[in-house]
Amino acid sequence: MVRSLFISLNSEFYKSRKTLAFWAAIILPVLICGLVALGFYGNADKVLKMNYPGLILWAQFSGATLGVMGMLILPFYVMFMAFSVNNIEHKNDTWKTLFTQPLNKFSIYAAKYLYAVMLLFICLFLFEVLTITSGYLLQALVPKFTFNDYNPLVLLTKFYSKLFLASLGILSIQFVLSLLWSDFLKPMGIGFVATIAGMITANLNWKYAYLIPYSDPTLALRVTRTGKNAKIEDFPVFSQEIWVSLICAVVMFIIGYFILSKRNIK
Amino acid sequence: MSNFAIETVGLNYHFGAQTVVKDLSLQVPKGSIYGFLGPNGAGKTTTIKILLNLLKSPADQVFIFGKELNANRIASLKRMGSLVEQPAIYTHLTGKENLINRCTLLGIPKSKSAEMLSLVGLTEAANKKAGKYSLGMKQRLGIALALIADPELLLLDEPTNGLDPNGIIEIRNLMIELTTKHGKTILVSSHLLAEIERTATHVGIINKGELLFQGTIGELHDLSKPVVKIETNDQAAAANILGTAGAELVQQDENTISVTFKGKEDMGNLNTLLIQNGLVVYSINKERKDLENLFLDITSKN
């Protein structure tokens, strides 16, 4: 079964390396981090006038990326990617061939799911790496910046880990929706409406917003100080919205397999 | 050990309330080319999907090389290659990449892909996107994908669909070569008898989910022995006379009597015999049903 899983995962990479979903995982971070860095470089004078200490400068710099990414682009990328991973089989009518290979059915399914999770991981990992490297690059270009005064590694790793974990719920729901329906509009339409609803409930600070997986990425980016003297990095990674997202991911993963194994392949 | 590559025992399959396959007992001997014939919608593709475990069959009804399919899914699939309906091809990958991807899934060396491309004559189009292939090229690629693991049993669902006459002949020759030289077993479905007739060693005819005929191609030919069709002014008397003279009556209705054809001379003797007995012979002629008509007869009966 492990061998089946590895083989299927290998094949998923091979199949999709020419697709937009795969390249978007790389292009999105490069593009957004690049634009933010360019903006900081171009407006270096204005930024310098504010006399930010290291931590705040990093917060401003990474916040520009995290804000755009976490609130808006990430949910849509997740929806598109979950759709694309399944659509490659719907579009080419290849589910039937996939399931006539001498491979364990669960492995084929799990590999697809895992592949989607890996794409999301790659995307967010690149975001963090590029944010940090571009920060230090700016420091080298504009020596007056205070990027050197604070090491953002722990802080950003925690933020991006939270964002990653908080997105798994959405990813799993969208994955199953895309597995069920071959057309673009149904999963995208549902995902779009749910994302908007999630953002609204999160921003309205509704008490139970954390129960909606679509609110979780927005909620995950909120910083709550744990105590007066606590360092800013001390916020917990596994907050309640993260747990909701993880539970949702596990449940949807199981439901997805159930659907696939019961369904006859037409 | 079973002598059948495929055996189904009273297989039934329903889509909701609709019965698609009814009490089907296929027996595909090892090393045969089994022509699986039937009009469109007869249940051929459904049967092939059941044989591939894409559609769940009830337990103990489907056996591949003597092993129950549901309990031995992966082991059985390892021995099978298939082409179901339109070939399933990733259109954004090239022909070669499609084959390499399959090699990955099957755990076989990637070099096998070049070999397959030349076998189906796609070497020159290897690096072209499969989505840009013509229908015939896609079909060839589909066949290459089915063959790549060198399976003992091939299930081909209308493999010559969309191929030009040359392509059809190539596939035909390939099938014959695979069975005679490499000892493979092939189940090939079609709605055209003429296409199957030249290659198949065994034939199964299915309509509305029921198997109407199963046997060797010779047995199918035997069903269409030539007959002498006779029309007279008194059919009952004619039947009586012919019967006592030792002719084998095949069929009799108000207008015609058919007896087994034994030769031209015998046909003349029958004529003389009838006339000597005072009957008026309106017509007497030799008839032979070709297989195509026989097929139509068999499939339109139920």
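Tutor: Here is a walk through that sheet, its helices, a separate strand group and the chain contact.

A word on ground rules: this is a predicted model, so local features need pLDDT of at least 70 and side-chain atom pairs count only at pLDDT 80 or more, while totals for chains, interfaces and linings use all residues. Residues are numbered from 1 along each chain as its sequence is written, and chains are lettered from A and ligands numbered from 1 in the order in which they are written.

Now the sheet. Chain B has an open sheet of six strands in the order β8-β9-β10-β5-β11-β12, with mixed pairing. Strands here are DSSP runs of E with at least two residues, helices are runs of H or I with at least four, and both are numbered from the N terminus. Two strands pair if DSSP finds at least two bridges between them. At the edges sit β8 (80-83) and β12 (210-216) of chain B, each pairing on one side only. Ignoring direction, neighbouring strands are turned by 15° against each other on average.

Zoom in on β5 (33-37) of chain B: five bridges tie it to β10 (185-190) of chain B, and the two run parallel. In that pair, B:Gly35 stands opposite B:Val188.

Helix α5 (135-147) of chain B touches β8 and β9 (153-157) of chain B, and its direction makes about 165° with that of β8(B). Helix α6 (165-182) of chain B touches β5 and β10 of chain B, at about 155° to the direction of β10(B). Those angles run from 0 to 180 degrees between N-to-C directions, with axes fitted to C-alpha atoms, for helices over the stretch in contact. Contact means that C-beta atoms, placed from the backbone, lie within 7 Å.

Further along chain B, β13 (227-232) joins β15 (257-260) through four bridges, antiparallel, with B:Val227 opposite B:Thr260. β14 (249-252) of chain B also pairs with β15(B) in the antiparallel sense, over three bridges. B:Gln252 stands opposite B:Ile257 there, and β14(B) and β15(B) form a hairpin with four residues between them.

Finally, the neighbour: 21 residues of chain B are in contact with 21 residues of chain A. On the chain B side, α2 (73-78) and α3 (95-106) each supply at least two residues, and α3(B) gives the most, with four. That side divides into twelve nonpolar, seven polar and two charged residues; Ala, Val, Leu, Ile, Met, Phe, Trp, Tyr, Cys and Pro count as nonpolar, Asp, Glu, Lys and Arg as charged, and the others, Gly among them, as polar.

Technical notes
Two residues are in contact if their C-beta atoms, placed from the backbone, lie within 7 Å.
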